[in-house]
Amino acid sequence: MSILAAASVSAQTLPDSAHSVLRFDTTGVNNMGGIPNGAHISFDRLLSIYDWSTRLDYAVPSMPRLQRFPYIAMDTIQLRGDSRFLEDNAITTTSASGYINVDLPLNVWSNVAGSQIRPFTAIYGSSYVTSGTSALSSATNIDRQVEGFGVVGPHFFSASSGIDATAGVGLAQAEQLGVNAAGEILRGTFYTPAQIVTDNTLLSATSLIDERFYQERSERYSNDRASFGAVSSLGNTSAPDSNHAFLTAALSRQDFFFSADSSAASVKQERTELSMLLRDSLNYPFIYDMSKSGTALTGTIDVLFEPHGISRTSDIAASALSTGSFADISTLLVPSQVSDLHIATAGRLDFQMSRTIIAEAQMSYDEHTENVSLLSNQIAGVEPSLLTKFADNLNASSYSARTTIAGFSFRYSPGIRDVFQISVSDRLLNYDTPSALNDDDHDQLISTASIGYLRNFSDQLTGELDLRGTRTHLVYLMSDRSAQNNVTQSLALNSHADYNTTSMFARASGEVYATYTVLDYLDSIPSLEGAGNYVLRGLSLSDSVLFPTGIHLFHKTVSIDVEELATLQVDERGSYDVPAFSEQLDIRISSLSATLLIGFVDTAGAAPWSVRAGVRGFVLSRSGQNTASLSVTSNFEELERQTRIGPIMFVTFLRSNGLGPMLIASLWYSGVKDQTYDVPSISYARQLESHLTAQWIF
């Protein structure tokens, strides 16, 4: 695993069994990116996991927008908060952050063109806390971190050029692993909108300087970044890769505090990163005559160059490195350097003829190389054998990954009701590691082909069919893992049909798939031929129907609707004998879910809402070989069954004209019966699942 990856805490992805796959009142509120001014809060209780999430965004223009260039900076308030509680192990993770940026109502300088200088102040604070973890986890991970700053300074805005710049000084504070540090901060920003540099090229630039100097053990924080963008009006300017060039350079430096394995005293690690990103694209229209023949041929070339350099140094004593309690997990505390290079290039041809044929051919190459080495010249008084051990442990994270992709797609629409699609692609990955401690060297070739057909039978009825096949060949180059070399072939058929009228909406979908995995090395050992190979296959069917009863209550726009949803899923696994072309079933997992809802729905009013209630049932069955049976022959039979059934309720209130409050909530209270048959037992329990999402846009 690359040590470039920063430590982060991410929520575990879990199935949401209290929400149906198809919801007719879906508003996409879970995607909170880019809401203008508003507040958001959500709560989830799923099994033994509790999640809270809050967000507040508020921004108003701090200067008039009457100039040639609109004022970009805003008086801003941003608040974030997240919390997760795991009931099983009583671990709580909480993070919170807040940012306030305000231009003070004092006009220090202005001119007739509308340019101004005003004082501004900015306040930022964030905290992260994890409680309930073990002592070992607390010693090797950062389970508490608090930081913040406050700055004040001048804010300059040019009405003629749109240039926006700030420069502030103030106080900063940071706490980590019991080390509380205070110091000074220098923070500045610069922005210029797109400026015309040639007849068809625009240039823009942004930069950030954030330097913090702490008194505690000379702790330092740097987050400096400069970005430049050049945009050309040649070619297809609506595409994201249309003759645009971007250059970004950044310096990031931060100190972290850890507990070494050999001592309770904290160790300060200085982490400095230099990075650059250069991306350029060329989009050229060879043929573009959409008005007459409807024919277009466009070529695109993309190039990316992204180097990184990271150095880590610490104030750990050389004597601590030589102790026997200094474990491998603390190798990252020794001085080290990471050199990372990412280069990529891609080419694509897009062809369109008569608005009925669309074809695309593309090829790309991506190379990512990372080398991790020991800075042995910064370590004194340590035995050479121990330095070799540190160097080997760090070098085990080095790798080189090269990916080549080639593909072709074709789309044919003979009329407004029929669409045929074909696509093929190959992806080759070559992954190499220079260290003898890392045996992950492998090559992987993935070939995929699909064919699809979409038919609009009428304005109310549509259907789609898709057949997809994939072949994957995985080869490990080191003998230690050559037993995992395999060829996997899969075939899947998907279909769905929609029927939509003013009085009814129905959707039916289905999928059947089979995946065969054959281990390479078995072919060379006749006695093991056919052993170890396995097959996965499955079937899924789903159906949903929504129809209004025509009964109106309270108001003519409020009707009583009935909704039904059902899903059947069957997955099997078994061994596969290639020469005999035979299979033996090992395990089968079947599940059936059904929901029936009735409620009040208002979709024609200014603020749509719905209140629906009903019952949901869920059955999960696991079948396999009964190893606990006293029978001489092992029988394939049902081993376990779980049944859940209970009332369920959905409440939805949507906003009016994009503004105002919105709420989506669900509650499922079910009785759970768990019964095992191989070792006979029955248990009963109650289970509550609840979800709440609220948002206010103002």
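This text looks at one helix and then at one loop arginine. The model is predicted: local features need pLDDT of at least 70, side-chain atom pairs count only at pLDDT 80 or more, and totals for chains, interfaces and linings use all residues. Residues are numbered from 1 along each chain as its sequence is written, and side-chain values use heavy atoms, with hydrogens and water left out.

Start with helix α3, residues 384-395. Helices (H or I, at least four residues) and strands (E, at least two) are DSSP runs, numbered from the N terminus. The end C-alpha atoms of α3 are 16 Å apart, which agrees with the 16 Å that its 12 residues should span. That expected span is 1.5 Å times one less than the number of residues.

Leu 386, Leu 387, Phe 390 and Leu 394 of α3 are buried (under 20% relative accessible area; exposed is over 50%, partly exposed in between; 1.4 Å probe, protein chains only). They cover an arc of only 105° around the axis, so they lie on the same side of α3. The arc is taken from the directions from the helix axis to the C-beta atoms. An α-helix has 3.6 residues a turn, so residues three or four places apart point the same way. The buried residues of α3 pack against α2 (318-321), β15 (336-353) and β16 (357-374). Pro 384 and Ser 385, on the other side of α3, are exposed.

Now turn to Arg 481. This residue sits in the loop between β20 (461-476) and β21 (486-500). Arg 481 counts as buried because its relative accessibility is 18%. Beyond its neighbours within four places in sequence, Arg 481 is in contact (heavy atoms within 4.5 Å) with Asp 439, Asp 440 and Tyr 476. Arg 481 and Asp 440 are 41 residues apart in sequence, yet 7.9 Å apart in space, C-alpha to C-alpha.
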